[in-house]
Amino acid sequence: MLLLRHCRGLTRVGLLKTQRVQLLQGAVPPVAVCAGSLCARWGSSHGGQESGQYQRSHGPNWRHALAGLLAGTGAVLAYGLHHSQTEQAATTIVQPIAPASSLPIYTQDEVTKHRSVEEGVWVTYKGSVYDITEFVSMHPGGDKILLAAGGALEPFWALYAVHRQDHVLEILSEYKVGELSAEDWRKQQSVKSTDPYSTDPERHPALRINSLKPFNAEPPPEILSDNYITPSAIFFKRNHLPVPQVDPKSYRLQVEGLPGGAPLSLSLEELKTRFPKHTVTATLQCAGNRRSEMNKVKQVKGLNWGIAAISNATWSGARLKDVLLAAGYRPEVARQTCHVQFEGLDSDVTGTTYGASIPLNKAVSEEGDVLLAYQMNGEDLPADHGYPVRVVVPGTVGARNVKWLGRIIVSEEESSSHWQQNDYKGFSPATDWDTVDFKSAPAIQELPIQSAITQPAEGAVVERSAEEVTVKGYAWSGGGREVVRVDVSLDGGRTWQVAQLQSSEKGQVPAPSPPPGRAWAWKLWELTAPLPPAAQELEIVCKAVDNSYNMQPDSVAPIWNLRGVLSNAWHRVKVTVKEDEEKEEE
């Protein structure tokens, strides 16, 4: 891997950055000569898809991890990560490292002047100055990369700590142009950079962590389907930024943008007392649920979620419709506005907050059941789930269910947030990072039909003496469409059986139907079936059907997309059938 890093990663160093220092002090020493043929042999020796994935993950793409250092957002990072795929390794002579004393000294004022592509984009890190203009110029999706321009990287480094790795330092070193003056470096050091995640809440140890900062984790699948209502402690966690600390006594919810209406400001107590309390049982699912299966087809960019980035809870709070009416909403407003935007109180070091929006008709519909929730499973919202107030938009992708809600804006336009405009959108398998146009695809709102097997797990062993196998899982469909059937196969999809559905805490079977168009909660399902007599291995498959007869696709490849969202193919689990010891001896 080290050899690959230098063969592929240092190619551009020699060709483009010969006038700059190549490596920071203490980094891996440079390789004098890197033969392109050797790099080619590495690529060809592994063959096929796996080799391609390795090169994408560990080749020249490292240099573009700097985008995440600065921006830390999924699609922006991913766009930059792709662009070096077209670079080919060649015989390259690495230039000698310039001694530190030969580099110019810059003041912070001089660095601050370089805050645009036209003037040059400069940043500082640990007393060194870097010109990343060239990096920005080959990163067309990175508006947020300019947020650190003219200043220090340390605050961004702390915020997006996932990129605090040695290879990122090596990438950054390619762009070094000088040293910060001793006086300014002392000033920077005197300003203590606190960890913005230091006040994050404690989490349940059972959670399987996908990233620590920001925190993202899912429960083990085998316990996910143990409860129709997911306990708050193991409800999947999806954070984009540090968890904000909000004082409930000073909290205010701002509602604005209604034509002819006056802005409305509500305290938490007013939200609880002025409006009737409603309770809705609703499933939330991350757009990236089951992304790991897409990664097996072809590498995508994003957190490697398994099948458990989905959970079900009861939510209580005021209806969004009631609050909008109190703020001056009238039916004629729908002729002038189309969207309701939400802004969270979670923010990055620049003050940029998480944001999203939903269609106005969903927000004000009597059947939409959109809540400004202040309770989850009968208790105050946990910190990870939006305390003191969050939006719950039943039937809609988790990304629109904004937590730590601070502002509601009725608008003619969708939210301008990165997460609405340049992320959480689906594309054709033919679309790559060279051809993607985020404006060409609608933001994900309702999610497609989904199901997955939670028990048994992949690779489990079933005893032949048991004579039967029990399969469990969940099924859910977006937009309030009810799951009406789950089919299960023990032989890879050649023959099928129908599972029993559970849609309440009491586990009624058959499951009672919710009101039409308001099936917001998942259905747990179970099937106990005889073991096929001669089978030594079972390929267990599940697929769900909703009341619009939407069905899951049979494989991942046709729905693969560069962000790994909307993964809902048939879920497959292989288990081994263990023969009885007596029969084995015979």
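Trainee: Which residues is Ser 232 in contact with, leaving aside its neighbours within four places in sequence?
Mentor: Ser 232 is in contact with Lys 237, Met 376, Asn 377, Pro 382 and His 385, once neighbours within four places in sequence are set aside. Keep in mind that this is a predicted model.

Trainee: Where is the place of Ser 232?
Mentor: Ser 232 is in a loop. That loop runs between helix H12 (221-224) and strand S10 (237-238).

Trainee: Is Ser 232 buried or exposed?
Mentor: Compare the relative accessible area with the cut-off. Buried means under 20%. Ser 232 has 18%, so this residue is buried.

Trainee: How many residues of helix H10 are buried?
Mentor: Apply the cut-off residue by residue. Helix H10 (residues 166-173) has six of its eight residues buried, so the helix is mostly covered. The buried ones in H10 are His 167, Val 168, Glu 170, Ile 171, Leu 172 and Ser 173.

Trainee: Now the cores. How many residues has the largest nonpolar core?
Mentor: The largest nonpolar core has 56 residues. Leu 324, Leu 372, Leu 405 and Ile 408 have the most contacts inside it.

Trainee: What is Ile 408 in contact with?
Mentor: Again leave aside neighbours within four places in sequence. The contacts of Ile 408 then include Leu 253, Val 255, Leu 320, Leu 324, Val 340, Phe 342 and Leu 372. Gln 254, Glu 256 and Gln 341 are also in contact with Ile 408.

Trainee: Next, sheets. What is the order of the strands in the open sheet of five?
Mentor: Start with the general idea. Strands of a sheet pair through backbone hydrogen bonds, either parallel or antiparallel. Here the order is S22-S29-S28-S24-S25, with mixed pairing. Strand S22 (461-463) and strand S25 (497-498) are the edges, and each pairs on one side only.

Trainee: In which sense do S28 and S29 pair?
Mentor: Strand S28 (residues 537-546) and strand S29 (residues 571-578) pair in the antiparallel sense, over six bridges.

Trainee: How many disulfides does the structure hold?
Mentor: A disulfide is a covalent bond between the sulfur atoms of two cysteines. This structure holds zero. Cysteines can still be read by accessibility. Cys 338 is at 43%, so it counts as partly exposed. Cys 542 is at 0%, so it counts as buried.

Trainee: How many aromatic pairs does a search of the whole structure find?
Mentor: The search finds nine. Take Tyr 106 and Trp 122. Their ring centres are 4.8 Å apart and their planes are at 70°, so the pair is edge-to-face. Tyr 106 lies in strand S3 (residues 105-106) and Trp 122 in strand S5 (residues 120-125), so the pair ties together parts 16 residues apart in sequence. Tyr 106 and Trp 122 are buried.

Trainee: What kind of pair do Tyr 354 and Trp 419 make?
Mentor: Their ring centres are 4.8 Å apart and their planes are at 40°, so this pair is tilted. Tyr 354 lies in strand S16 (residues 353-359) and Trp 419 in helix H17 (residues 418-421), so the tie is between parts 65 residues apart in sequence.

Trainee: Which residues do ring pairs link into a cluster?
Mentor: Phe 235, Phe 236, Trp 305 and Trp 315.

Trainee: Which ring does Arg 203 lie over?
Mentor: Arg 203 lies over the face of Phe 215, at 4.0 Å from the ring centre. Lys 543 lies over the face of Trp 496, at 4.7 Å from the ring centre.

Notes:
Residues numbered from 1 in each chain as written. Predicted model: local features only at pLDDT ≥ 70, side-chain atom pairs only at ≥ 80, totals over all residues. Heavy atoms only, no water. Core = buried A, V, L, I, M, F, W, Y, C linked by side-chain atoms within 4.5 Å. Buried < 20%, exposed > 50% of the residue type's maximum accessible area, 1.4 Å probe, protein only. Contact = heavy atoms within 4.5 Å. Helix = DSSP H or I, 4+ residues; strand = E, 2+ residues; numbered from the N terminus. Pairing = 2+ DSSP bridges. Disulfide = S-S within 2.5 Å. Phe/Tyr/Trp six-rings, centres within 6.5 Å; stacked < 30°, edge-to-face > 60°. Lys NZ or Arg CZ within 6 Å of the ring centre and 35° of its normal.
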